[in-house]
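These are my notebook entries on one chain. I set down what I looked up, entry by entry.

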Amino acid sequence: MSKIWTKKPMSAFEDDMKSSQLKRVLGKWSLTAIGIGAIIGGGIFVLTGTGAYYHAGPALALSFVIAGIACVFAALCYSEFASILPVEGSAYAYAYGTVGEIFAWIIGWGLILEYAMGSMTVAVSWSGYFNKLLKMFGIHLPEYLTSDPASYTGDGFSMNLPAFLIVLFVISILIKGTKEAAKANNLIVIMKVSAVLFVIIAGAFFINVENWNPFIPAARMVQEGENMKEAYGIQGIVSGAAAIFFAYVGFDAVSTQAGEAINPKKDVPFAIIVSLLVCTALYILVSLVLTGMMHYSDFDPQGKYPDAIKAPVAYAFEIAGQGWAGYIITIAATVGLVSVLMVMIMGQSRIFLGMSKDGLIPKMFSDLHPVKKTPAKSLMLLGVLIATVAAFTPISKLADMTSFGTLFAFTMVCIAVWILRKKEPNLQRNFKVPALPVIATLGICINLYLIWNLSHEAKYLSIGWLVLGVLIYFTYSLRNSKLHKAGYGETFKAEQKPLQDVDVDIDNEK
């Protein structure tokens, strides 16, 4: 059993970087765009409606503040790790080098949940906006092709076909190459940020301050599907922060791309912090504008505007009598959510890549295309799985499970960076978390508190996922781990140099 606590030596990470076949093509601003591209999406264009109605009302802005603060603590810890271990794998790789293989596996397994469920959520969100866009032009798809079985009001077969197809489309882009995907993402991010600024500025002219009264509605029960749940009040603000937390996963996605960054030790921390700060500010402003334009109770899916919860921002302008703005927002959201999906699936495949290179999952997940240098096999398998689940699962179930995976990973990173600072104080750190004991403690406590406030169903399903992961680790991963087989060659046998003495020649890799 002692093997499960084995840590991956720092020199092995350096060897991974030197032998990596991934192309280093991402600069500082491309990485920042990846973060913004992943963060601005479902949170602004979709979850603002569900967060306002099912959780916090106008106080949704405070939910975003709480989630943003929790993310800042985790982002600082991520940034220090990224400046030390600039490799693909994100929190999984960080844990492998600090707290041991079993923790790394559990985090990696949690990240699989986070990114897979996040991708599915975004695919369903995109479908909602795409259907609204079609309706604007007089095209109406039959309900059985746009609804998952749980949401379908008719009899017989149903599936969310647009969600299924958009995943396959994104997979085809990602297989072509990281540089090409990054260029497409950059253009989409410019469009999305412009649309969000438009919402904030134009929407401010249609705010009715009476919609903010009371800003924190009294706690009461609301119907969600077939069940009743408590909403609003202080508890509603906290549960809202937990439910929308997955929207912030974008900065984690930046760290998964470290293996393709030109200067990862400096640029990845920069991109993580800048993308988080920019997007948190935009989230808060949009939620204030949205709940000012439209009363939070109007997002009731059983109420006067049943479709408003699926595309809240666009509907708010329609209800304000500004249908032309709805066209702009719907088009921007439809295109913009594509980049979110692109980043999420790309991050998922890189986590698989890191775990596969370590032998913890099958080799096919680290096989690269001979020309494109992308994990094509992994991407194709991911595409089929994500597309299928997105086509048949309600969005609320997906979002909460994504939040669990995100919060769990953030908690473990806050713990791991503290451990590494104590055990390896002399490692070269291009970025250091200020007041680490305070920041790490706050990050751990807030993230665990938000996990506690997720729905019971999401917690039970997520814990079941982690239990399944532990079983797979002991039956497959432990026996195939390259760490135990000395699969990295002499790096485990020779005297290991400190990380700062084994510098990667970035210029030669450009």
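Helices here are DSSP runs of H or I with at least four residues, strands are runs of E with at least two, and both are numbered from the N terminus. I noted that the model is predicted, so that local features need pLDDT of at least 70 and side-chain atom pairs count only at pLDDT 80 or more, while totals for chains, interfaces and linings use all residues. Residues are numbered from 1 along each chain as its sequence is written, and side-chain values use heavy atoms, with hydrogens and water left out.

I then asked how many residues of α13 (residues 312-319) are buried. I found 6 of the 8, so this helix is largely enclosed by the rest of the structure. Buried means under 20% relative accessible area, exposed means over 50%, and partly exposed lies in between (1.4 Å probe, protein chains only). I listed the buried residues of α13 as Pro 312, Val 313, Ala 314, Tyr 315, Ala 316 and Phe 317.

Entry on the whole chain. I recorded 19 helices and 2 strands. Of the 510 residues, 60% count as buried. Among contacts (heavy atoms within 4.5 Å) with a separation of 6 or more, 82% come from residues 24 or more positions apart.

Entry on the nonpolar core. I took a core to be a set of buried Ala, Val, Leu, Ile, Met, Phe, Trp, Tyr and Cys residues joined through side-chain atoms within 4.5 Å. The largest one has 158 residues, and those with the most contacts inside it are Tyr 78, Tyr 129, Val 167, Phe 251 and Ile 345. Helix α7 supplies the largest share of this core, 17 residues. I looked up Tyr 129 and, leaving aside neighbours within four places in sequence, found it in contact with Lys 310, Ala 311, Pro 312, Val 313 and Ala 314, among others.

Entry on α7 and α8. Two packed helices are described by the angle between their axes and the distance between the axes. For α7 (residues 101-136) and α8 (residues 161-176) I noted an angle of about 115 degrees and axes 8 Å apart. The axes are lines fitted to C-alpha atoms, for helices over the stretch in contact, and angles run from 0 to 180 degrees between N-to-C directions. α7 passes α8 in a right-handed crossing; a crossing is right-handed if the near helix is turned clockwise from the far one by less than a right angle, and left-handed if anticlockwise. From α7, Ala 123, Val 124, Trp 126, Ser 127, Phe 130 and Asn 131 meet Pro 162, Ala 163, Ile 166 and Val 167 of α8. By class, this contact has 8 nonpolar, 2 polar and no charged residues. Ala, Val, Leu, Ile, Met, Phe, Trp, Tyr, Cys and Pro count as nonpolar, Asp, Glu, Lys and Arg as charged, and the others, Gly among them, as polar.

Also in α7 is Ser 125, which counts as buried at 3% relative accessibility. Ser 125 and Ala 390 are 265 residues apart in sequence and 9.8 Å apart in space, C-alpha to C-alpha.

Entry on Ser 275. I placed this residue in helix α12. Is Ser 275 buried or exposed? At 0% relative accessibility, Ser 275 counts as buried. A polar atom of its side chain lies 2.7 Å from the backbone oxygen of Ala 271. Beyond its neighbours within four places in sequence, Ser 275 is in contact with Thr 32, Gly 35, Ile 36, Ile 39 and Phe 251.

Entry on Gln 257. This residue lies in the loop between α11 (250-256) and α12 (264-293), and is buried with a relative accessible area of 1%. Gln 257 and Gly 347 are 90 residues apart in sequence and 6.9 Å apart in space, C-alpha to C-alpha.

Entry on backbone geometry. I found a cis peptide bond from Asn 213 to Pro 214, with omega near 0 degrees; Pro 214 is in the loop between α9 (178-203) and β1 (220-224). Tyr 232, although not a glycine, has a positive phi of about 70 degrees. Tyr 232 lies in the loop between β2 (227-231) and α10 (233-243) and counts as buried at 1% relative accessibility.

Terms used
Polar contact = N/O pair within 3.5 Å; in protein donor to acceptor, adjacent residues only side chain to side chain.
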